[in-house]
Amino acid sequence: MRSYTGKLIRINLSNRQSQIEDIPEPLMKNYLGGRGLGVRYLYDELKPGVEPLGADNKLILMMGPLGATTAMSVSRIALVTRSPLTGTIAKSVMGGNFGAYLKFAGFDGIIVEGEADKPTYIHIDKDGIHLLDADELWGLDTQETHAKLRESHGKSTQVACIGPAGEKLVRYAVVISDRRCGGRTGVGTVMGAKKLKAIAVNSSGPLKVYDPEQFKKIAQGLIAELRTSPRRIKMSDFGTSYLTLGFEKMGIFPVKNFQEGQLEGVENIGDAELAKIKTKNDGCYGCMTKCGQVREVTEGTYAGAVSEGPDYETIWSLGGNLANTDRGSLIAADSLCDKLGLDTVSAGNSIGFAYELFQRGIITKKDTDGLELNWGNHANMMKLLAKIASREGFGELLGEGTRRAAEQIGKGAEDYAMQVKGLELPAYEPRAVKGYGLILATSNIGANHMYGRPREDLAGTTDRFADEGKGKAISRAQIGQAVEDSVIQCSFGPVTGLNPESRSQLLVAATGFNEFGDPAYLTQIGERVLCLERSFNVREGFNRKDDTLPKRMLTEPLQNAGPATGQVFRKLDTLLDEYYDALGYTREGIPSTEKLNQLGLEGVAKDIKKLGK
Ligand code: SF4
């Protein structure tokens with residue numbers, strides 16, 4: 001008995017048919033699971049040029065081989081599709097309990113195809129897979145949707161759903177399970193285009209593994225070590241909010257749409273202030289850390305607002321990026337985004353873009369439905385979030401994302417759109433951490449912070465301002481992230497207790513596949529996944545020209561950013577060459593035939609050759 005169920009559900013919403021398929025063993029061995037398997041299926045099944053919001057796009061949800069086991073922090077689920085925001089391949093990893101219960105129901109994944117002719121939801125239970133009418137759910141927010149589905153199917157029902165933003169096709173809509181989010185890249189928008197409101201699962205464990213004794217020994221050993229780990233306990237106490245003040249001091253925390261790097265009053269939205277209104281922890285299946293910080297505003301304009309968060313990214317996007325240091329508004333805005341099903345990073349970045357255009361007079365109150373978009377104005381931030389989700393007035397434009405909005409506005413607005421390949425930048429100033437800049441520029445899904453982490457730059461063991469010599473380390477970081485997303489393990493380093501060796505041992509005990517016992521074998525899987533994602537994009541016309549950063553990063557010295565003041569991203573071309581060389585890509589950013597063959601991607605090599613690349 002392996003920890004894979006070996007089965008996936010394929011659902012066609014157009015003809016309302018579903019079937020159960022076996023997952024071929026070589027696919028598990030070559031792609032592990034999660035992101036890796038999802039990317040392989042998408043590459044094979046999507047014809048080039050498919051419209052992301054059309055019936056021919058597919059949404060793939062995929063678990064990993066350790067998911068639903070008793071190991072710590074390994075039960076997240078990957079969502080893979082073609083992004084309506086970027087046109088590239090998209091991946092997002094969602095926490096919560098949904099994925100574990102999907103495996104308990106007997107499935108490693110779901111492939112959703114076609115497009116329903118009316119609002120629909122999928123219910124999976126011991127009696128089968130049911131496509132049901134979602135008229136009563138359409139228009140509800142994500143919390144109301146969870147409540148309604150639990151009323152219909154029982155309190156233990158696990159749900160992945162979209163909110164009004166997904167229904168209205170805001171290009172950065174998310175999928176939500178309880179308060180956990182498959183954010184970024186518009187995976188919720190694809191669900192909305194398919195008129196799929198939710199997937200609900202009723203099932204119960206446990207899941208069997210290949211070698212239960214050995215698995216228990218390794219998993220429990222890791223848990224025993226983790227119990228007293230100070231770094232893990234810090235995550236439990238503060239979540240990622242503990243990063244804010246340290247990064248702000250380093251000039252990494254972007255302010256006013258990346259115009260500056262430090263913020264007066266930032267301590268009001270730092271970890272200590274947020275901890276004062278924490279009520280409890282929440283988090284994912286099989287995780288003792290439960291990094292989610294449930295916080296409640298007790299006084300002022302936003303009294304009564306409750307959110308599981310905000311995390312560091314959202315403290316930045318709806319806080320620092322807008323020069324907003326009002327703690328209550330941050331909780332209220334985070335909660336509103338979760339209910340509406342909006343990606344907080346792209347939403348906050350898009351609002352920051354609008355605030356800067358207003359500052360510069362490129363747009364005025366005539367364009368913003370009469371709203372004054374002055375830095376720090378959180379009341380109008382709240383109004384804009386609601387407008388974006390309902391695509392009303394000025395919100396219609398911002399719901400398109402910064403790249404498309406800038407194209408429509410003209411007047412030089414594109415210079416202030418902080419995006420890469422159409423995905424809005426996250427909470428890391430590229431000029432202050434050049435390794436991060438290179439990750440964001442080369443990421444195959446656009447500017448996403450979950451596409452590798454420049455750990456050495458952040459830890460100070462390498463010079464974070466250096467303009468050269470980062471290509472190899474960044475390629476390794478991206479490969480490492482691809483492995484983590486395919487296992488799938490939580491990417492918050494200290495919470496799983498796994499290192500390459502223990503991870504390999506655990507995978508062998510879970511799956512019985514001895515190949516996984518060699519950490520180098522897993523690294524090669526990561527490289528294969530990264531290369532396949534890039535090949536997907538090459539097929540869609542992407543190349544070196546798309547591996548870039550906003551003009552501001554390349555030309556404007558960073559202002560008011562402590563030790564990072566004056567930094568510019570001077571040598572992007574040099575760094576790109578280093579990165580491509582490290583991965584065996586041509587100087588055009590295209591995987592070479594030799595590299596593709598070496599990774600066992602001979603069919604992909606033929607596809608690329610046919611394109612004349
Ligand atoms: S640390 Fe947080 S994100 Fe990671 S598995 Fe635990 S609850 Fe989920």
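Into which domains is the protein divided? Keep that question in mind as you open this predicted model, and let's walk through it together.

**Stop 1: the domains**

Colour three stretches separately: domain 1 (7–201), domain 2 (230–417) and domain 3 (434–610). That is how the protein is divided. Now look at domain 1 and domain 2, whose C-alpha centres lie 26 Å apart.

**Stop 2: where domain 1 meets domain 2**

Stay with this pair. Here 33 residues of domain 1 are in contact with 26 residues of domain 2. On the domain 1 side, select α4 (142–153), α5 (164–167) and β11 (180–182), the elements that give two or more residues to the side touching domain 2. Which of them gives the most? Highlight α5, which gives 3 residues. If you colour this side of domain 1 by residue class, you will find 14 nonpolar, 12 polar and 7 charged residues.

**Stop 3**

**Stop 4: two cis peptide bonds**

Time to zoom in on the backbone. Select G205 and P206, which are joined by a cis peptide bond with omega about 0°. You will find P206 in the loop between β12 (196–201) and α7 (212–227).

Then move along to G309 and P310, where a cis peptide bond also has omega of about 0°. P310 sits in the loop that links β15 (306–308) and α11 (312–317).

**Stop 5: two residues with positive phi**

Select A68, in the loop between β3 (59–62) and β4 (77–82). Its phi is near 70°, a positive value in a residue other than glycine. Is A68 buried or exposed? A68 counts as buried because 28 other C-beta atoms lie within 10 Å, and the cut-off for buried is 20 or more.

Finish at K256, which you can find in the loop between α9 (243–250) and α10 (271–275). K256 is not a glycine, yet its phi is positive, at about 55°.

Methods:
Residues numbered from 1 in each chain as written. Predicted model: local features only at pLDDT ≥ 70, side-chain atom pairs only at ≥ 80, totals over all residues. Domains from an automatic or database assignment. Contact = placed C-beta atoms within 7 Å. Helix = DSSP H or I, 4+ residues; strand = E, 2+ residues; numbered from the N terminus. Nonpolar A, V, L, I, M, F, W, Y, C, P; charged D, E, K, R; others polar. Buried ≥ 20, exposed ≤ 12 C-beta atoms within 10 Å, placed from the backbone.
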